[in-house]
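Colleague: Please take one part of this model and look at it closely, giving the cut-offs behind each term as you go.

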Amino acid sequence: MADIKALVEELSKLTVLEAAELAKALEEEWGVSAAAAVAVAAPGGAGGDAPAAEEKDEFDVILTGDGGKKIQVIKEVRGITGLGLTEAKALVEGAPKAVKEGVNKAEAEEIKGKIEAAGGTVELK
């Protein structure tokens, strides 16, 4: 069980781009789609316990909209995530989508501030 916990900690340090590359590699290796696993896992995790949310120390930064300033928001998302132009554009146009997952509160607030300054709307979960 400790090995699984360590693996989860390591995976939470991945950037969005690295996580996407990992998902693709796993899909190729095992012939499964990560999108299906996420779709199945999301409803259970989205139920959320109120006490757990109060003690939370890791946050997901979710882009909820571009506020009509798509180009500025795409630039900011690229700077935050290291994604290429096409990937960042797809992320912004596909909102709501996670920009970064499993970050501490300070980093989540910093990312939120940057995206909101560019004109986008963000939600922390």
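Modeller: Strand E1, which spans residues 59–65, is mostly covered, since five of its seven residues are buried; buried here means under 20% relative accessible area, while exposed means over 50% and partly exposed lies in between, with a 1.4 Å probe and protein chains only. Strands (E, at least two residues) and helices (H or I, at least four) are DSSP runs numbered from the N terminus. The model is a predicted one, in which local features need pLDDT of at least 70 and side-chain atom pairs count only at pLDDT 80 or more, whereas totals for chains, interfaces and linings use all residues. Residues are numbered from 1 along each chain as its sequence is written, and side-chain values use heavy atoms, with hydrogens and water left out.

As for partners, two strands pair if DSSP finds at least two bridges between them. E1 pairs with strand E2 (residues 97–103) in the antiparallel sense over four bridges, and within this pairing phenylalanine 59 stands opposite valine 103 of E2. E1 is also joined by four bridges to strand E3 (residues 121–124), again in an antiparallel run, where leucine 63 has valine 122 of E3 as its bridge partner.

For a view of another part of the model, turn to leucine 26, which is placed in helix H2 and counts as partly exposed because its relative accessibility is 32%.
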